[in-house]
Amino acid sequence: MNKKVERNYLEISYLEDLKDSSNLSNHYSINFVDPVDFQLNKFFYKNIGKSHHWVDRLVWSEKQWQDYVSDKKVKTYVLKEKYELAGYFELILHTDKNEVEIAYLGLLEEYQNKKLGSYLLSAAIKNSFKEKPKRVWVHTCSLDHKNALNNYIARGMKVFKTETVVI
């Protein structure tokens, strides 16, 4: 592809620094996925990622998906509008560093541009801090949703590293 992509890494170290966005109607809920369901993660990855160049997992076998979501360090949460799937996020616990990474976060296309991204990110940060990490971090890039970086900053996250990569 040979395209230059700007990648930003952001972090938040204290739950008190979160600029929460939780004023959403009670039609929406965030649910921890238990028991794990690799088909759910795969569905969101493919459907949200198709617009943002998420490609590394497209070649995964079912066993790779099962192994990934079954790892105790991975936690998946789903955003629903009543009973309809709207979005998700995956958290990866890096216990060796006492950190939580927001690995993937996104909304299905029909739920974008409705202020749900800020709600979803707030929920991801709050659920990350349940693990009592020294920091929560995420990376985003110029291929992600146009509001992604602004959303992270608006929620209180700070950029700690920027790089340009060629893909």
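User: Which side chain meets Arg57 in a salt bridge?

Analyst: In this predicted model, a salt bridge pairs a side-chain nitrogen of Lys or Arg with a carboxyl oxygen of Asp or Glu, within 4 Å. Here the partner of Arg57 is Glu90, at 3.1 Å from N to O. Arg57 sits in the loop between α1 (38-49) and α2 (62-70), while Glu90 belongs to strand β4 (residues 84-94), so the bridge ties together parts 33 residues apart in sequence.

User: Are Arg57 and Glu90 buried or exposed?

Analyst: Buried means under 20% relative accessible area. Arg57 has 6% and is buried; Glu90 is buried as well, with 0%.

User: What does Asp67 pair with?

Analyst: The side chain of Asp67 meets that of Lys63 at 2.9 Å, N to O. Both lie in helix α2, 4 residues apart, which means about one helical turn separates them. Asp67 is partly exposed, at 44% relative accessible area, and Lys63 is exposed, at 51%.

User: Where do the partners Glu99 and Arg135 lie?

Analyst: Their side chains form a salt bridge of 2.8 Å, N to O. Glu99 is in strand β5 (residues 99-107) and Arg135 in strand β6 (residues 135-141), so this pair links parts that are 36 residues apart in sequence. Glu99 and Arg135 are both buried.

User: How many salt bridges are found in the whole structure?

Analyst: The search finds 7.

Terms used. Residues numbered from 1 in each chain as written. Predicted model: local features only at pLDDT ≥ 70, side-chain atom pairs only at ≥ 80, totals over all residues. Heavy atoms only, no water. Helix = DSSP H or I, 4+ residues; strand = E, 2+ residues; numbered from the N terminus. Buried < 20%, exposed > 50% of the residue type's maximum accessible area, 1.4 Å probe, protein only.
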